[in-house]
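Subject: Structure handover

Hello,

The sequence and structure are below. Notes on what was found in the model come after them.

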Amino acid sequence: MLCAQRLDQTPATLARQGTPFEQVMISITKQEHIELVMQANYWQSLHQRALVRIEWLQARNQRQLELSALAEAALRCELEHQRALVRDLQKRLFARKSERHQTNERQTKADVSKAHRGQQDGKRGHGRTLQPHLPGRDEIIAIDHAHCPTCALPFQIFPGTEDSEVVEIEVKAYRRKIHRLRYKPG
């Protein structure tokens, strides 16, 4: 706005008002001049120190950024390693097992509904395998004191026995003495 007013004015009008960057001469004492120079030097030295400090802070921040970037990269690598370990363990735990059979389109519902092999839930097992080729030894076990512990009356013998069969392996250690006859020429 000020520039538009100035353009409209004539050079004579401008000369009366004064030019914008007109030099004005003032006189100061030597003491004031020395103080002004000292203040200027003081502020210039402060400005130089501030510039040096800014450069130092920028370099320190740059180093810290580089160190934090390296630390972040190391942590990301460790995180990827741990995630891979978790994936591996989950795959081992929850993946398809090699023992399971794959279902084919050829299998029918009847094949799938068949009972599994081996011991069935709720069914009686086959028991121990008998060993009829082994030699047998019969033992009869009787109670030493066949009487009731509360009333002390003797027990009556009940007909029959309660039989059980146990396969025992017996290992015997022995000492073998060998006697050899001695001979001499005759």
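Asp138 sits in the segment after α4 (109–113). The model is predicted, so local features need pLDDT of at least 70 and side-chain atom pairs count only at pLDDT 80 or more, while totals for chains, interfaces and linings use all residues. Residues are numbered from 1 along each chain as its sequence is written, and side-chain values use heavy atoms, with hydrogens and water left out.

Asp138 counts as exposed because its relative accessibility is 81% (exposed is over 50%, buried under 20%, partly exposed in between, with a 1.4 Å probe and protein chains only). Between the C-alpha atoms of Asp138 and Glu165 there are 9.7 Å in space, and the two are 27 residues apart in sequence.

The largest pocket holds about 1,400 Å³ of space. It is lined by 29 residues, and Arg137, Asp138, Glu139, Ile140 and Ser164 are the closest to its centre. A pocket here is an open set of points on a 1 Å grid over the protein atoms alone, where a 1.4 Å probe fits, with protein on both sides within 12 Å along at least five of seven lines; lining residues have an atom within 4 Å of a point. By class, the lining has 15 nonpolar, six polar and eight charged residues.

For the chain overall, there are four helices and zero strands (DSSP runs: H or I of at least four residues for helices, E of at least two for strands). Of the 186 residues in the chain, 1% are buried. The accessible surface is about 20,900 Å² (Shrake-Rupley, 1.4 Å probe), and carbon and sulfur atoms account for 57% of that surface.

Regards

Conventions
Grid points are joined across faces, edges and corners, and a volume is the space filled by probe spheres set on the points. Ala, Val, Leu, Ile, Met, Phe, Trp, Tyr, Cys and Pro count as nonpolar, Asp, Glu, Lys and Arg as charged, and the others, Gly among them, as polar.
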